[in-house]
Amino acid sequence: SVSLLFNLTWIGILCLFACKVYHLYFHQKFNLAVSDLAWRKDINPNDDNWYLKHKETFGEITWLLKFAFFPYAVIMALQSVCVWRIEHGIFLSVLYFVMASIPLS
């Protein structure tokens, strides 16, 4: 249906926007950590900054898309499909079948 496709498209766009905003936030914090690194190491040589340690994972947009965007997009897509199915009555039949197939003992 058109509304389902519209919802899935907007979910994808919003997820990508959220990933980009987080990526910009991470890089701002990373750059602040790099600028503070010199005096922090003088005070405490064992000081580890989270942003410096996780640059290769949480700081990479490909990692972020793989482990944050795609699972969220899949969950939102499934939710949209379920809502669409509920509106069209098919989901309730499947739900009743699944509930009836659960053993009680």
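Helices here are DSSP runs of H or I with at least four residues, numbered from the N terminus. By that definition, Ile-13 is found in helix α1. The model shown in these views is predicted.

**View 1. Overall fold of the predicted model.** The protein has four helices and zero strands, so the pattern read along the sequence is α-α-α-α under the DSSP definition. Of its 105 residues, 19% are buried. Among contacts between residues at least 6 apart in sequence, 72% join residues at least 24 apart. The exposed surface comes to about 8,100 Å², with carbon and sulfur atoms supplying 71% of it.

**View 2. The largest nonpolar core.** Seven residues make up this core: Ile-11, Cys-15, Cys-19, Leu-64, Phe-69, Ala-73 and Met-76. Helix α3 gives the largest share, four residues. In soluble globular proteins, nonpolar side chains tend to be buried together.

**View 3. Surroundings of Leu-64.** Leu-64 belongs to the largest nonpolar core. Leaving aside residues up to four places away in sequence, Leu-64 touches Cys-19, Tyr-22, His-23 and Phe-69.

**View 4. A nonpolar patch on the surface.** Phe-6, Trp-10, Ile-13 and Leu-14 form this patch, and together they have about 430 Å² of accessible area. Ile-13 has a relative accessible area of 43%. Because that value lies between the 20% and 50% cut-offs, Ile-13 counts as partly exposed.

Methods:
Residues numbered from 1 in each chain as written. Predicted model: local features only at pLDDT ≥ 70, side-chain atom pairs only at ≥ 80, totals over all residues. Heavy atoms only, no water. Core = buried A, V, L, I, M, F, W, Y, C linked by side-chain atoms within 4.5 Å. Buried < 20%, exposed > 50% of the residue type's maximum accessible area, 1.4 Å probe, protein only. Helix = DSSP H or I, 4+ residues; strand = E, 2+ residues; numbered from the N terminus. Contact = heavy atoms within 4.5 Å. Areas by Shrake-Rupley, 256 points an atom, 1.4 Å probe, with all protein chains shown as cover. Patch = residues over 30% accessible without salt bridge, like charges linked within 9 Å, V, L, I, M, F, W, Y side chains within 5 Å. Salt bridge = Lys/Arg side-chain N within 4 Å of Asp/Glu carboxyl O.
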